[in-house]
Amino acid sequence: MLLACKDLSLSINGAPILRDIDFQLSAGKVLGLIGESGSGKSMTAYSIMRLLPGGSEIGGSIELDGNDLGTFSEAQMCQVRGNDIGMVFQEPMTALNPLLTIGDQVAETVRVHGDASRAQAQQIALDTLRRVELPAEKYSPARYPHELSGGQRQRVVIAMAIALRPRLLIADEPTTALDVTTQAQILTLLRRLVDEDDMGLILISHDLAVVANTADDIAIMRNGRVLDSGPARSIFSQLKHPYTQALYAASAHVPARAGRRVDRAAPLLVVDQVSRDYRLPRQSLFGPRRYFRAVDEVSFTVYRGENVGLVGESGCGKSTLTRAILGLDAIQHGTITVGGEPVLAGMAMPRELRRRMQVVFQDPYGSFNPRHRVARLITEPFHLLDNPPTGSARSRAIDEALESVGLTTADADKFIHEFSGGQRQRVAIARALIIHPELIILDEAVSALDVSVRAQVLDLLAELSGRYQLSYLFISHDLSVVRSVCDRVLVMRRGKLVEQGTTNQIFEQPAHAYTRELIEAVPRLPEAPG
Amino acid sequence: MSTANHLLAAALVLACSSASAARTDITIGMQLEPPNLDPTGAAAAAIDEVVYANIFEGLTRFLPDGSVAPALASSWEVSEDGLQYSFTLRTGVSFHDGTGFDADDVVFSLDRARAEDSTNAQKGLFAGIDSVEATDPATVVVTLSQANGALPFNLAWGDAVIVAPESIEQAKTAPVGTGPFVFSKWVQGDQVEIVRNPDYWGEPAQLEKATFKFISEPTAAFAALMAGDVDAFPVYPAPENLPQLDADPRFSVVLGSTEGETILSINNKLAPFDNKLVRQAVAHAIDRSAIIDGAMFGYGTPIGSHFAPHHPAYLDLTGNSPYDPERARALLAEAGLADGFETTLKLPPPSYARRGGEIIAAQLREVGIKVEISNLEWAQWLEQVFRGKDYGLTIVSHTEPMDIGIYANPEYYFQYDNAELQQLMVDLEATAEDDARSEILQQAQTIISEDYVNGYLFQLAKTGVANAKISGLWENAPTQANDLTKVFWQD
Amino acid sequence: MRWLQHRNLWLGAMLAAVFVAAALISFLWTPFDVTKLNIPEKLQTPSMEHWFGTDHFGRDIFSMIMVGARTSIAVALVAVSIGIVAGVPLGLAAAARHDSPLDEIIMRSNDLVFAFPALLIAIMITAIFGPSAINAIIAIGIFNIPVFARLSRAAALGLWTREFILAARVAGKSASRISVEHILPNMLNLLIVQGTIQFSLGILAEAGLSYVGLGAQPPIPSWGRMLAESQTMITFAPHLALFPGFAIVFTVLGLNLFGDGLRDYFDPKISRGRH
Amino acid sequence: MLRYAVRRLLSLSLTLLVASLVIFVAIEIVPGDPAAYMLGMNAAPDTVAALRAELGLDVGPVQRYLNWLGGMLSGDFGTSYTYRTPVVDMIGDRLMISLPLALYALTLSTLIAFPAGIIAATRRGSAADVSVMGVTQLGVAIPNFWFAMLLVLVFAINLRWFSAGGFPGWDQGLLAGIKALTLPAIALALPQASILARVMRSSLLDTLDEDFIRTARAKGLSTRQTLWRHALRNALIPVLTIIGLQFSFLLAGAIIIENVFFLPGLGRLVFQSISQRDLIVVESVVMLLVFAVVVVTFLVDLAYAAVDPRLRRTN
């Protein structure tokens, strides 16, 4: 047995974080550690590495090859880290020292552990970078982290972790910050390394689907405990534990969509040949201005009552397009109309037009002024009305909006920090609904939510769309979400719309190669038992 | 003597310097740095304090007791009508650059000082001179437009020293004179160094080298003395430290007199000060002893008029203005100002003015005169008060010797216009006889005292501090000078 | 009480409060009249009658420190207010019109002011317009403007990218309205903390200017001038220099601790202490 | 990199030009006539007029500004009204004291602040941290001129280890010069060291919180190795800004300290010149100090680029 955790518990400053964690991992195997935020999965990893904050107290035992790591001194642990156990982190953008070249950072792992000369370490670093598919011919080891993309940086982090061919690798949400296509590549890479080196891998994720296809064994965590564990196949085929069932159900959830009419004769939002350029800094002092075209001649229509998904990887221009539709930024070419009226950026945009359109943002924490109460927050769009309701009419409107999103009227007097993430998104939706717009733009509106909460919010959105004949422009990088709620899907890549069609068309018979690539990269849950 | 012997001697000097062998260098502390070193081209007292009698000499000179003695002129004769002075010059005198001194240099110097475009600060000294002629290389005849018994006195001033045409261009930064010391170097903002003139015509100086160090902050002055960075401070700027320095056996404190009448100047043309009653009220509201005690820590002699107490013609007129706030209030009421009035008190930087001003403001407040203090830099003071006459009250020490004549000038910043006094001064000019001069001077003192032209406070004390082993420094300050000719270290 | 857990906060608040109280009380009462000179009683050491002794004019030092607190606090407070009143709107405007010529002009002007050594310019201003408390206030105030302009611009720029600001823009609110309604309240913490720091710097600056004779003029007592006047007497009457010196140190210390404490209180995450 | 430097230099020149205009205009309104000051109380008006002409004060302000600016560009800062020597020479002499003093104080402050800040940050919450924070808190609160007074009292007047002030000149030997600058440098360095130590500590704490520190630890680096190899260099970036600011502050901010120790440096020169209405010297010194600030800022920017590869790209 490579790694065995027995009755592992952890408390920080007296507050219990982990309780009675038990799991085992053999060489050459992948253990998937799954849980929603706050379940303690990362802390388990840090406990194994013994990289815990001050005031931590560990109980139970962690055995690596039969040696209890708990008995190791800090100096011994330094020998273990990087040598016997490697670790990969979630955020590749910040996990590398910005001031050192990638070659040096990989070589450093070698240098701190062995007697390898500088040249030998450099050679090992080169070889390792090649193993993670960053060959020196294409990606010079003299590059700095900021010169690489997110996926490439994550490969560097992996290279650092495996340079000394450790027997155990811990990957904490290694793909969460990455695009879906990059995620697939990184997962493949990790699996390949496990097989090549006969290494053990703990793959930590909040996403059941990510782990499902890579892991041999699975442990499901919640509130600092392991609730369910076993071989991956049996976990999914049996769904013994109720929490596993719930998690599975939420991940595979498809909201019921009924009672909604799409009026094909009434185009609501028409985007016609829209382009948006960004100014780049001048190359030379008197050189010509250069521009970057973030959105390139995009055209599409959203009809009344229709839910349209817009998917694409980060940087494809979907956020820029959103801002243009909302009239926040000016466009350089083309027109955007809502109900026939042109959208103009800035103060020139008539209030009547703004009134027809509202938005829900991604971050449930950043979307609200923390100093205002809910009643004031959700009535902010009243600014767009010529005669905003006052007195009891205002209270009625607030109550109605809150109730329609499943909150209570008592919530009107609360501050935003008193709500959970899911509830905050409900408040955001209430704010969007309160002036009865025709179109709501959902900008990654469920991306930051845990799966179970996400399922509920998606249900709510589907229900509201039916009840109020609302049109949605549903912007997301997550294809599965889009698939479950949208009538039609638009696929964007590098500023261009590469494909559009009904949801079925897109997912069943993708025409464009990029669409196919995207769909294939989506991790899929194994079939659940009947 | 071999090099080794030299070294040995040097080592011995070093080893014994404090014990037996007398030192031959001195560092003199001064509060203000001279802006340049040409005493004939600018007013600053600091110039004279460095160069007078050390580098430059005049035809006559002041002695430590204020009397006038021959210098480059060994003697002089006055014509019957008092209009012609003929000066006999010393022979064998040469300037520091080696050029010889003769009558032409005297003619050049005096003509330059009294010329139309001259920047001499005391042009008035030469006002009565009609012509200056060299009758032979050792004789100069000065012809006056009217008799002036004070000519030898006037020519003793630092502004009347003899310069050479060959070196005048560089006088501001590298002065060349005939004195017992030769200019060596000037580190602007810090110090001026002079060294002994081996070819001096008279008795050579005893010191090899002297350094004037400029320390404007009183605190720094004290610290420098205590730390031994400065050997003597002839005009020590912080009287509060004197008791402490006096008690220290390392130092000797020398108290002397200066020509500095410290007065509360009053703008005589500005209402309500144009009313003599108001001026008299101010005079009675002032408690001189509190000012001398509080601002000067007891150093200073009360005066009742604009005249130095050590002068033979001095009259003690302090009785004209005793401290009497009741009387002051009554006088104000008589002048129709029973509720008092407001005025300004503009103070130049010296501590006698700043501290004295605060005390006077408090004393005037007691009798109902509200005084707004504003502290000015010298340049602002000259601009606003002295030239602009934009002030109510100010405090300043008039350090020029025998300067009662300023009261005869109605344009002077007091703006005092009294025909009787003006006539007295004209008479004084024409009088050469001592007793008669004395009488005129006493009349003048009485007139301005009884007219309460200004508030007369005290005669500034010369509070010198020096290393106890130094001898030969001037006790008094008949003119602004640090004559080092006779200074030496005792064993 | 949450604030009790912040040691710096209450320690600083207490120290600062002592001096604010002294300043306020001095309007109503001081042990002795600071405008009256009593030269026969000069340079007394601390006693039951004169707690901190008397100065070279026989004035009660304790009373002078009380009234001096008034001067220090008034000068620093007004100077900081100038900085806030002029600087914050500039910063908000620059952020609202980010990358516009207005932003550029405001930021370049800030850089220009920063390029001047502050104390030197303060000395020049007072030298030009004459020394007085008012001119000291102006001199110190001018240097507070870019501090607050820069701070509020940076804070506002950060806030402008936040989604609740986008939401307000989608609700059709104008830039100035958003600045006042959303941006300003959310950077109030920062402004208060910076205000406290500038306040303590203002007290130090006032002391420095008064020390070189360019601050409040006599007979108004001022700590800096008390130090300057005591300097030549420090060897035989050290209490003259010690008490005003301690008054400055403790007030500035109190304000700094208070500022640090406030920062911790507003944002426990970055309880780092001040730069 | 080069293009970046050129662009920054152009904007710096503009700043300097505007600054020169501001300085000139500000100083032109100073009341007080230098000629009148030089000639004193008994000077006749025609004498003053003669001197004004000699000083070049009789031409219009625009012409005087252009003369001054043109002169500075060719290295001629004019002639001091009071001392009648070239301003360049005077400033040069003063810089020989102010510059070493600023560097000395900066060195002291850095030598004190770096270890203190590092110890405080790495042993956060320990007695060492608490005392560093306490002492620096006090150091920030003490007016440096008061501290200087106390230093003189103790070390010059009572113990007589150092002289109370003044400067013997570099020709008296390096040691004598350094000794004379020691107390002033300490007085100047104390508050600066306090500020720097606090910045160092907080910047290091921020850096130690970064993800890449965790990565380094996961690679098997000990805390000490992590500190030296990864944290310090990253933490240096904000510290550099403060050091840059401090240098210009030390150069200009020594005005009061130079007066306490009667050092003939730039600060004292400017103080004297203001009171003597030696406008041309004031203008030139202020301009020089602004120039120093701007240049130091520029050097700090270049230092950033040297430390941080992210800033090395031109676009």
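Helices (H or I, at least four residues) and strands (E, at least two) are DSSP runs, numbered from the N terminus. This is a predicted model, in which local features need pLDDT of at least 70 and side-chain atom pairs count only at pLDDT 80 or more, while totals for chains, interfaces and linings use all residues. Residues are numbered from 1 along each chain as its sequence is written, chains are lettered from A and ligands numbered from 1 in the order in which they are written, and side-chain values use heavy atoms, with hydrogens and water left out.

Q: In which helix is Leu28(C) found, and what is its relative accessibility?
A: Leu28(C) belongs to helix H1 of chain C, which covers residues 7–28. Buried means under 20% relative accessible area, exposed over 50%, and partly exposed in between, with a 1.4 Å probe and protein chains only. Leu28(C) counts as exposed because its relative accessibility is 79%.

Q: What is the accessible area of the nonpolar surface patch that includes Leu28(C)?
A: Patches are made of residues with over 30% relative accessible area and no salt bridge, like charges being joined within 9 Å and nonpolar side chains (Val, Leu, Ile, Met, Phe, Trp, Tyr) within 5 Å. Accessible areas come from the Shrake-Rupley method with a 1.4 Å probe, and for residues only the protein chains shown count as cover. Val20(C), Leu24(C), Ile25(C), Phe27(C), Leu28(C) and Trp29(C) form this patch, and together their accessible area is about 680 Å².

Q: How many residues of helix H1 of chain A are buried, and which residue follows the helix?
A: Helix H1 of chain A, residues 41–49, is mostly covered, since seven of its nine residues are buried. The buried residues are Lys41(A), Thr44(A), Ala45(A), Tyr46(A), Ser47(A), Ile48(A) and Met49(A). After H1(A) comes a residue with a positive phi, near 55°, namely Arg50(A).

Q: Which elements give two or more residues to the lining of the second largest cavity?
A: On a 1 Å grid over the protein atoms alone, a cavity is a set of points where a 1.4 Å probe fits but cannot get out, and lining residues have an atom within 4 Å of a point. The second largest cavity holds about 100 Å³ of space. Of the 13 residues that line the second largest cavity, the closest to its centre are Thr219(B), Ala223(B), Gln231(C), Met149(D) and Val152(D). The elements giving two or more residues to this lining are helix H5 (218–226) of chain B and helix H7 (144–158) of chain D.

Q: How many helices and strands does chain D have, and what share of its residues is buried?
A: The secondary structure of chain D comes to 13 helices and zero strands. Its C-alpha trace spans about 85 × 60 × 35 Å along the principal axes. Of the 315 residues in chain D, the buried share is 59%.

Q: Which residue forms a salt bridge with Arg61(B), and where does it lie?
A: The closest N and O atoms of this salt bridge are 2.6 Å apart, and the partner of Arg61(B) is Asp483(B). Arg61(B) is in strand E2 (residues 60–62) of chain B, 422 residues away from Asp483(B), which lies in the loop between strand E18 (470–471) and strand E19 (488–489) of chain B.

Q: What is the phi of Asn13(A), and where does Asn13(A) lie?
A: Most residues other than glycine have a negative phi, and most peptide bonds are trans. Asn13(A) lies in the loop between E1 and strand E2 (15–25) of chain A, and Asn13(A) is exposed because its relative accessible area is 65%. Although Asn13(A) is not a glycine, its phi is positive, about 50°.

Terms used. Salt bridge = Lys/Arg side-chain N within 4 Å of Asp/Glu carboxyl O. 1 Å grid on protein atoms, 1.4 Å probe; cavity = no way out; pocket = protein on both sides within 12 Å on 5 of 7 lines; lining within 4 Å. Points joined across faces, edges and corners; volume = space filled by probe spheres on them.
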